[in-house]
Amino acid sequence: MRYWFNLLYKTQGKRIFNGVLLAFITAFSGVSLLMLSGWFITATALAGLSISAGLIIIFDMYMPGSGIRFFALSRTVGRYVERLYNHDTILRLVSVFRLHLFKRLSALPMQQLRATTDSEWLSRLTADLDALDSLLLRFTIPPIISILLIISAAIFVSFIWPELALYLAGFLLFCAISAITLTIKCTKELGIRSASLLNDMRADVIEHLSGRLELKSHKLLQHHERHILKRLDELDDTQASMFSRIANIQLLLDFLMVAGLSVLTIVVLYSVQIQVIDGAVAVMLVLMFLGLTEVLQSLPSQFSAWGKTYFSAQRLRPENDNVSAIKAPNKYPAKSLTITLNKHPNIAISQVKPLEVVLNENELLLISGRSGAGKSTLANILTGMTDCTDIKQSITSIVVDGKAQSVDLGVANWYANIGYVTQNNSVLTGTLAYNLSLGLGDISEDKLWTVLQMVELDAWAHKLKHGLDTWLGDTGDQISGGQARRVTLARLLLRDPKLLVLDEPFNGIDALMAARIWHNISSWLKQRTVVLLSHERPAYLPTDVVIQQVRLD
Amino acid sequence: MLSHNKKRPAEQKFLTGRALLNHFASDKKQVLWLSVIAGTLATFFLAMQWISFAWMVEDVIIYQHSFTHQPEWLILFICSAIGRVVSTRLQTMFGQNASIAIRSNIRKKLLLLWRQQSPLSSHLHSPAAAATQWVEDIESMDGYFSKYWPQQMLAFISPLIILCVVAWLNWLCAVLLLISAPLIPLFMILVGMGAEQLNQKYSLIRQRLAGHFLNRVANLTTIKLLHAEQAVFGEVEAASDSYRKIITKTLRVAFLSSTVLEFFTSVAIASLAIYIGFSLYGAINWGPASSISLFSGLLILILAPEFFQPLRNLSQYYHDKAAALGAANNLLKVFNEEPKQQSEDQVFTETKTDAKLKQSTDKQNITPFPNQQPLLNIHNLAIGYSPDSVLADDINLQVKGGQLLAITGESGAGKSTLLYTLADYLKPLKGNVVTFPGKQMPIAYLPQRPWLKNASVLSNLEEFAPNATQEQMRETLIELGLNEIFGKNHNGLNTMIGEHGQGFSGGQLQRLALARVMLNPTAIILLDEPTAKLDLSSKKYIYAALKKLKSNAILVVATHDLGLLDIADVHLNLNQKEGVEGAVLV
């Protein structure tokens, strides 16, 4: 949590200061309005009494009157401006947090990124980021305002009665600080517990529903619900005890405030009686206390979110920032690359004998094998998406252009530019043109149409209402798996990868079309080193094409 | 134990999210009302507290009595302050208890609906989205039940109590408060309408910007592979910034509504203070001004903000309500879907108007349940998701125990749809499916990508075969060629199956799923492409297992695999209408 607090104060320091100032003006106006009004009517009552008793006194009705009007206005305006300003700060903060998180995630080595595609992980990320609002709205502004108000109240009272000011400030500060610390201490664990229960229940429900087809036919759905219901009961209990703890702390604080109010009332009334202060001041002091109470009272509920926020912040914390990211060596296109693998846990054949993979410039290498033989694992190794330690353990040698290289360095780094068509199609929400030209800057439309033609998407794209500007993804047009596959292929055709790794590139595309597309792109492929992964020699590969083959069976 | 045996009351339909919330709130109405009563008591004590305070102040300041002159006022003051605090605690407690119970009820009800409805319902297509509803959406209803619901009652009751006290003191002040009260909701509605309009205007762009960040995170691998990080950094920043600007535009209007309240509260205090001050000074002589004393003046002044406080609370909880309504509206689709009818008469869905069908039924003279052997009888069946798009029509066949029915056809011909219809997930568009044993008995259905829990092999097997012993499990796994599990690198039955089946190949997962069926075989077993994308050795194990399973059951297999056709007894090609190979002649 400290990490995010730091980030908050570093980036938004000035805005926090302004926001706190605005909130303070608002709260100050509120308390002052009440105080001044109370003083005013008591003073006028006393003045009225004296006048009717025949005394002549000079009482300025208009100064306090305009003061009251001023505070009424400044409170209203202050509240509006403050809310708007602080919400804007929050949104800026979210933007900073997002960018920060995004940069951090993208600095992670590839192999750790695969988790990010998980929709489950993503929705957690959103919820966690949202929870960080509390850092500003709950944990920063309210306590600062409370303390500032107490201090300014004390300063004000010290002009009238210094001793009382000291006691008052001491008492209120004690209440504020103990309310905050007590709330955090008593609810943090329960807050974390309930956040993590909700999180586990999510996983349970997803699992339950993913299995609904099998469970339903077996009539086992209800039986399987027991996992979820158990946790639900636990959640109910946790929440009940957390709520009651918060309410009890609130009750305690309220009691303290009632005690304070009672003592203050007795003290000021007695002081009036012995004529230490006048009646109007006495009423003003009580109303001031009342106004301060209202501000302090919100503290327990604000800080009850501590556990939940802690849980989220903890999950978002930078995971081993000092990741031993593979330092990119001088990238140059290797003419030949030989990797020898030994005893890789996911590649069965390497358990039996060392597996040698040879990539030669501009040659086509087919890696074939049954499902589960380790094709995708091998593809990930070649593209540098596998765990470094994994590489160190199982790669016995890397030979580049005839020279042996240190195994510590990742394999993929020998290529400045890799094109990798993974098993998943990744189409980003955005226009079709955006999807194709992502990261390439300006690119001519003609080029886009050329590659679309190569993957036989041009007819489809022409038919779209907005052509290349058609929005794809969640809030736009849905495209089929086969189309998405071809979009990912077309995307690579716009680039100039030296090494191309195609993991079953024509999945979901019928054989005839696959053959045509292969034909369309074959001249482009000939200029690069291509690794093709497939069960067996694919039918779309013309029979006359000479290939190197590595069998994993 | 089974859900379909229970008598279900007529299902209730909810037209709006609000109706749904009210329905569930009514279950805990007593507790919620207790919360309202406690809140009312709190207001009552509040009035008492300040009456006694104002009394003491007047007594000491105006009449210059000692404050111990009438100690009962001091005691009343302290006691009512304590009473108020305790009542507030009770109000919170009742509200929260009700909220916990209600949310638990909604969650259980949702599980029940999921159980009753077809697993193919569109709202279940994304389990993650449905889980979000079950967890987050329902969680977001907390504020509505625990705070907003009692407060919407208190927003009437509490101001009324205060108004009575004020009216008793000075009718003019009461009139002033009374006039301002209805103005507040009026202004708030106007402001709310304005905000809604802005919301609508930016709805699509807001959705896109909101989803932007997550989408880019999800595709980070692709972005990195394309070396587009720098471009996307800029995008993320720009998108968040435009999002902020749009939201701020909406908030500018939306926040006006609470400002209206704030304004009235401030103005009421200010104008009352000035009116009371001038009256006490003697500058105002008309109306009830002359009756104002310090007691009544001070009391009115202190009570005025409390008159508005319940409304302010209500508006503070307003976003709780909005969140709950949004969540409830999301749930409407689930709650209003027709629960799947499981009663017997529905199984025989015959199109009565189809005279031909009736005739042919008579002609065939089928005896559906001969001597306890499993039987599957498909008659004049038409399948599909809607009557407008019939995938396959006039399917007639009969399969007995010990037979394997292979369904082939191009992709999209309706193989999976037919399996869904047989599993009773989908109603036939026409014709009927009669099975023995009936639809109440469990059947096994194995989809193309089997479901495996993120748990040990043991608990995965146990989930479907609670009675199987560990020895049986071990034998079955070995029979299916999964010896590896008991090898060095694994942990036997305690081997964990990771999320998304990590650590196992597709073929191994498929066989694990089949092991569950073998350990607890049912009379009818439906398999969707059990050998697709598998290598030969995996396939061989599956063929052998299917042969074994076949002896006591009906197997229905949707497949492309020619090897599987070899062990099929009946072959239905959905692309060729005519001729059902090997089918019992009908």
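Reader: What makes a nonpolar surface patch here?

Author: Patches are made of residues with over 30% relative accessible area and no salt bridge, and nonpolar side chains are joined within 5 Å. The model is predicted. In chain B, one such patch covers about 870 Å². Its members are W171(B), V175(B), I179(B), L183(B), L186(B), F187(B), I189(B), L190(B) and M193(B).

Reader: Where does I189(B) sit, and is I189(B) buried or exposed?

Author: Start with the helix idea. An α-helix has 3.6 residues a turn, so residues three or four places apart point the same way. Now the case. I189(B) belongs to helix α6 of chain B, residues 171-201. Its relative accessibility is 53%, so I189(B) counts as exposed; the cut-off is over 50%.

Reader: How should I read chain B as a whole?

Author: Take secondary structure, then burial, then contacts. Chain B has 19 helices and 8 strands. Of its 586 residues, 55% are buried. Among contacts with a separation of 6 or more, 77% join residues 24 or more positions apart.

Reader: Which residues does N22(B) contact, leaving aside neighbours within four places in sequence?

Author: Y144(B) and W149(B). N22(B) lies in helix α1 of chain B, residues 17-27. W149(B) is 127 residues from N22(B) in sequence, yet their C-alpha atoms are 9.5 Å apart. N22(B) is partly exposed, because its relative accessible area is 35%.

Reader: Which residues does Y243(B) touch, not counting those up to four places away?

Author: L91(A), R206(B), L209(B) and A210(B). Note the chain letters: L91 is in chain A. Y243(B) itself is in helix α9 of chain B, residues 229-281. H212(B) is 31 residues away along the chain, with 10.0 Å between the two C-alpha atoms.

Reader: What polar contact does the side chain of D88(A) make?

Author: The partner is the side chain of R244(B), at 3.0 Å. D88(A) is in helix α2 of chain A, residues 62-107. At 10% relative accessibility, D88(A) counts as buried. Apart from neighbours within four places, D88(A) is in contact with R15(A), R244(B) and T248(B).

Reader: How do I check the length of a helix such as α20 of chain A?

Author: Compare the expected span with the distance between the end C-alpha atoms. Helix α20(A), residues 481-493, has 13 residues. At 1.5 Å a residue they should span 18 Å. The ends are 19 Å apart, which agrees.

Reader: How many residues of α20(A) are buried?

Author: 12 of its 13, so the helix is mostly covered under the cut-off of under 20% relative accessible area. Among the buried residues are G482(A), R485(A), R486(A), L489(A) and L493(A).

Reader: What backbone geometry should I look for?

Author: Most residues other than glycine have a negative phi, and most peptide bonds are trans. Look for the exceptions. The peptide bond from F436(B) to P437(B) is cis, with omega near -5°. P437(B) is in the loop between β4 (430-436) and β5 (444-446) of chain B.

Reader: Which value does phi of D424(B) take?

Author: Phi of D424(B) is near 75°, a positive value in a residue other than glycine. D424(B) is in the loop between α14 (415-422) and β4 of chain B. D424(B) is buried, with a relative accessible area of 18%.

Reader: And what about E456(A)?

Author: E456(A) has a positive phi of about 60°, although it is not a glycine. Its loop runs between α18 (445-454) and α19 (458-463) of chain A. At 25% relative accessibility, E456(A) counts as partly exposed.

Key. Residues numbered from 1 in each chain as written. Chains lettered and ligands numbered in written order. Predicted model: local features only at pLDDT ≥ 70, side-chain atom pairs only at ≥ 80, totals over all residues. Heavy atoms only, no water. Helix = DSSP H or I, 4+ residues; strand = E, 2+ residues; numbered from the N terminus. Buried < 20%, exposed > 50% of the residue type's maximum accessible area, 1.4 Å probe, protein only. Polar contact = N/O pair within 3.5 Å; in protein donor to acceptor, adjacent residues only side chain to side chain. Contact = heavy atoms within 4.5 Å. Patch = residues over 30% accessible without salt bridge, like charges linked within 9 Å, V, L, I, M, F, W, Y side chains within 5 Å. Areas by Shrake-Rupley, 256 points an atom, 1.4 Å probe, with all protein chains shown as cover. Salt bridge = Lys/Arg side-chain N within 4 Å of Asp/Glu carboxyl O. Expected span 1.5 Å × (residues − 1).
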